[in-house]
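Please look at the sequence and the structure shown below before reading on. The report that follows takes a few parts of the chain in turn.

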Amino acid sequence: MPAAHPVNEVLARIRAAELRHGRPAHAVQLLAVSKMQPAEAVRAAAAAGQRAFGENYVQEALPKLAALDGLDLSWHFIGRLQANKTREIATRFSFVHALDRLRIAERLSAQRPAALGPLDCCIEVNVSGEATKGGVTPAGLPALAAAVSRLPGLRLRGLMCLPAPSPSFEAQRAGFRRLRELLDSLGEPGLDTLSMGTSADFEAAIAEGATMVRIGVAVFGPRPARRRVEAGPEC
Ligand SMILES: *Cc1c(COP(=O)(O)O)cnc(C)c1O
C-alpha cells in the first residue's frame, strides 16, 4: 500500500472536483511541483505513488534529477526558459510547459536527442495581460502554435497559463476558461493538454477543463526560501 502522504489528499480533492464538475474520472493528471524542495521530499512523494514532478530552475533541478535517477519519474520543466539552458532541458526533461518564443522552441527541437523522441510541450499564454508574466499574447498564439507544430523535435500538446491570483472562484474560472477557448480555437491536431491550476485555484481550473494541474505547496508544504544569489522572478 502506498505510504500516507499529503499527495494522496490532493489526489482525492482532484477526483472530487472531477466528479463535481462533470469531468470523466482521471481526466486530470497531478504534476507535483517540487521546486525548492529537497530530493528527499520528492522521494517521499514517489513512495506514496506520485510519478510526475515539475521543476522551475535548471541549476536546482539537475542534481535532484541525478539523485533520483533510479526511480523512473517523469520530469516536467515549468519555469521560464532561457536560451543558455535549453540543452539540459531538451536532454533531461520529458515535458516543457512554458514555451513562449519560437527561437527557444527551435533550440529545444534541435537539441532534443532523437533517441528520446519528440519533447512534449505546451505554449504558455498570458491570459491576464500582466506585463511581468511570461507567455505569448492571445493574438500571437496561432502563429506560434503553427510554427511550433512544424518542429520535428517537439510535440505540441496544448496550452499552459498561470493567471493572476484571485480569491473568487468565479474570477479564477474566467482566466482558465479563456485558455480553454483558445485551445478550442486552434486548428492544430493532437492538442490534448490544458496545464492550468495551482494549489490556490486548481478546483476552478478543473471546472474549466484542466487536464494537468501543477501543485506545489499543497503537496509538499511551504517552500524553503530561495537563496539570495538565485533570486529572480518567481514564476
Ligand atoms: C510554483 C509553480 C506552481 C505551483 O504553485 P503552488 O502554489 O506551489 O501550488 C505551478 N505552476 C508554476 C508555473 C509554478 O512556478
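Which backbone nitrogen lies 3.1 Å from a polar atom of the side chain of Ser199? In this predicted model, that nitrogen belongs to Ala218, and the sections below set out the surroundings of Ser199 before moving on to other parts of the chain.

## Ser199 and its contacts

Ser199 sits in the loop that connects strand S7 with helix H8. Besides the contact with Ala218 at 3.1 Å, a polar atom of the Ser199 side chain lies 3.5 Å from the backbone nitrogen of Val217. When residues up to four places away in sequence are left out, Ser199 touches Arg214, Ile215, Gly216, Val217 and Ala218.

## Ser195 in strand S7

Strand S7 covers residues 193-195, and Ser195 is found in it. Is Ser195 buried or exposed? Its relative accessible area is 0%, and because buried means under 20%, Ser195 counts as buried.

The side chain of Ser195 is joined to that of His97 by a polar contact of 2.8 Å. His97 is also one of the residues that Ser195 touches, and the others, leaving aside residues up to four places away in sequence, are Cys122, Leu159, Met160, Cys161, Leu179, Met212 and Arg214.

Why can strand S5, residues 119-124, be called largely enclosed by the rest of the structure? The reason is that six of its six residues are buried. In a regular strand the side chains alternate between the two faces of the sheet. In S5 both faces are covered, with Leu119, Cys121 and Ile123 buried on one side and Asp120, Cys122 and Glu124 buried on the other.

S5 pairs in the parallel sense with strand S4 (residues 95-99) over three bridges, and Asp120 of S5 is the bridge partner of Phe95. Between S4 and S5 the chain passes through helix H5 (residues 102-111), and this β-α-β crossover is right-handed. S5 is also joined to strand S6 (residues 154-160) by six bridges, and these two strands run parallel. Here the bridge partner of Asp120 is Arg155 in S6. The chain goes from S5 to S6 by way of helix H6 (residues 141-149), in a β-α-β crossover that is right-handed.

## Helix H1

Helix H1, which runs over residues 6-20, has 15 residues and reaches 21 Å from its first C-alpha to its last, close to the 21 Å expected at 1.5 Å a residue. Which residues of H1 are buried? They are Val7, Val10, Ile14, Ala17 and Glu18, and because the buried residues fall within an arc of 105° when H1 is seen down its axis, they line one face of the helix. Glu9, Leu19 and Arg20, on the other side of H1, are exposed.

The elements that cover the buried residues of H1 include strand S1 (29-33), helix H2 (39-47), helix H8 (202-207), strand S8 (212-215) and helix H9 (217-220). After H1 comes Gly22, with a positive phi near 70°.

## Helix H2

In helix H2 the residues Ala39, Ala41, Val42, Ala45 and Ala46 are buried. These residues cover an arc of only 160° around the axis, and therefore they lie on the same side of H2. Their cover includes H1, strand S2 (52-55), helix H3 (58-67), strand S3 (74-77) and H9. Just after H2, Gly49 has a positive phi of about 110°.

## Two positive phi values outside glycine

His26, although it is not a glycine, has a positive phi of about 65°. His26 is placed in the loop between H1 and S1, and with a relative accessible area of 60% it is exposed.

Met36, another residue other than glycine, has a positive phi near 70°. Met36 belongs to the loop between S1 and H2. Is Met36 buried or exposed? Met36 is buried, as its relative accessible area is 14%.

Notes
Residues numbered from 1 in each chain as written. Predicted model: local features only at pLDDT ≥ 70, side-chain atom pairs only at ≥ 80, totals over all residues. Heavy atoms only, no water. Helix = DSSP H or I, 4+ residues; strand = E, 2+ residues; numbered from the N terminus. Expected span 1.5 Å × (residues − 1). Buried < 20%, exposed > 50% of the residue type's maximum accessible area, 1.4 Å probe, protein only. Arc of directions from axis to C-beta. Contact = heavy atoms within 4.5 Å. Pairing = 2+ DSSP bridges. Right-handed = clockwise from strand over helix to strand, strands pointing away. Polar contact = N/O pair within 3.5 Å; in protein donor to acceptor, adjacent residues only side chain to side chain.
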